[in-house]
Amino acid sequence: DRTLKIAPSILSADFAAFGAEVRAIEAQGADWVHVDVMDGHFVPNITFGPQLVRAIRPHVKTVMDVHLMIAPVDPYIDAFADAGADILTAHVEAGPHVHRTLQAIRAAGMKAGVALNPGTPAEAVAPLLDDVDLVLVMTVNPGFGGQKFLHPMLDKIAALRAMIGDREIHLEVDGGVDATTAPLVAQAGADALVAGSAVFRGGSVEKAGVYGENIAAI
Ligand code: DX5
Ligand code: ZN
């Protein structure tokens, strides 16, 4: 299904009120809840793990879209499945055996995603497309919310959309997505938009301007 999915990132939510925060974004029309897992090793920041997914899962019906910025990935796959993750995305840069990781994610009953850092070319995922349900293009360097969108990534998004072709694979964009950049990434071919600071500092999904008329107008 290629209808645009909006995935607010709870990295920019109030950490003392995750239950209320995810209920609020669901009520505002969020399709997915984007959960940014960081280990202080693959990226220079630490956030949360499977326990948080388990804690927020009963609060909403939305898809739990979990973005792992950790290395290694494989020892934690079952814990995220048990916690209620629906989509589990690993970085192509996170280890030497990403194909094995993606197969293990599907074997654990989740949808498998593969993410690319800004410095990684689109071609890095070409051999993986039969084993993924989602490709995530980072449009900032992973690790922190509130960074500036990297415009050269628009060509990479378009290249990946062409590479995906007719396959049932979501093309998700993450980093610096706001009312100005959302129409650009949608036009380049993205069908899932992550937005952290635009949603949580903007006041609501609607005020962030990352869907609806703003996108339809392109
Ligand atoms: C960055 C995370 C993003 C981040 C996006 O490493 O993967 O999901 O929360 O935040 P904004 O939308 O503020 O750029
Ligand atoms: Zn993310």
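I count a residue as buried if 20 or more other C-beta atoms lie within 10 Å of its own, as exposed if 12 or fewer do, and as partly exposed in between. I keep in mind throughout that this is a predicted model.

**Entry 1: Ser197 and Gly145**

I began with Ser197, which sits in helix H7, and found 18 C-beta neighbours inside 10 Å, so I put Ser197 down as partly exposed. Setting aside neighbours within four places in sequence, I noted contacts from Ser197 to Ser12, Gly145 and Gly146.

I then turned to Gly145, which I found in the loop between strand E6 (134-138) and helix H5 (153-164). Gly145 has 21 other C-beta atoms within 10 Å and is therefore buried. Not counting residues up to four places away in sequence, Gly145 touches Ser9, Leu11, Ser12, Gly196 and Ser197.

**Entry 2: the surroundings of ligand 1**

Which residues are closest to ligand 1? I listed Ser9, Pro142, Gly145, Gly196 and Ser197 as the closest of the 21 residues that surround ligand 1. The elements that give two or more residues to this shell are E2, E8 and helix H7 (197-200). Sorted by class, the shell around ligand 1 holds seven nonpolar, 12 polar and two charged residues.

I also looked up the UniProt record, an unreviewed entry, which lists under "binding site" Ser9, His67, Gly143, Phe144, Gly145, Gly146, Asp174, Gly175, Gly176, Gly196 and Ser197.

Is His34 buried or exposed? I found 30 other C-beta atoms within 10 Å of His34, which therefore counts as buried. His34 lies in strand E2 (residues 32-38), and, leaving aside neighbours within four places in sequence, I noted its contacts with Ala7, Pro8, Ser9, Ile10, Asp65, His67 and Val194.

Asp36 also has its place in strand E2, and with 24 C-beta neighbours inside 10 Å I recorded Asp36 as buried. With neighbours within four places in sequence again left aside, the contacts of Asp36 are Ser9, Leu11, Thr47, His67 and Met69.

**Entry 3: strand E1 and its partner**

E1 pairs with strand E8 (residues 192-195) in the parallel sense, over four bridges, and the bridge partner of Ala7 in E8 is Val194.

In helix H1 (residues 18-27) I marked Glu21, Val22 and Ile25 as buried. They cover an arc of only 95° around the axis, which puts them on the same side of H1. An α-helix has 3.6 residues a turn, so residues three or four places apart point the same way. On the other side of H1, I found Gly19, Ala20 and Ala27 exposed. Against what do the buried residues of H1 pack? I noted E1, E2, helix H2 (50-56), H7 and helix H8 (205-208). H1 is followed by Gly29, whose phi is positive, near 105°.

For helix H4 (residues 98-107), the buried residues are Val98, Thr101, Leu102 and Ile105. Seen down the axis of H4, they fall within an arc of 100°, so they line one face of the helix. I recorded that these buried residues pack against helix H3 (77-83), strand E4 (87-91) and strand E5 (111-116). Just after H4, Gly109 takes a positive phi of about 95°.

I checked the peptide bond that joins Ala71 and Pro72, which is cis, with omega about 0°. Most residues other than glycine have a negative phi, and most peptide bonds are trans. Pro72 has its place in the loop between strand E3 (63-69) and H3.

Last, I looked up Gln187, in helix H6 (residues 182-188), which has 13 other C-beta atoms within 10 Å and is therefore partly exposed. Gln187 and Gly49 are 138 residues apart along the chain, and their C-alpha atoms are separated by 33 Å.

How values were computed
Residues are numbered from 1 along each chain as its sequence is written. Chains are lettered from A and ligands numbered from 1 in the order in which they are written. This is a predicted model: local features need pLDDT of at least 70, side-chain atom pairs count only at pLDDT 80 or more; totals for chains, interfaces and linings use all residues. The arc is that of the directions from the helix axis to the C-beta atoms. Two residues are in contact if their C-beta atoms, placed from the backbone, lie within 7 Å. Two strands pair if DSSP finds at least two bridges between them. A residue is near a molecule or strand if its C-beta atom, placed from the backbone, lies within 6 Å of it. Ala, Val, Leu, Ile, Met, Phe, Trp, Tyr, Cys and Pro count as nonpolar, Asp, Glu, Lys and Arg as charged, and the others, Gly among them, as polar. UniProt positions are given in the numbering used here, feature names are shortened, and annotations may be inferred rather than shown by experiment.
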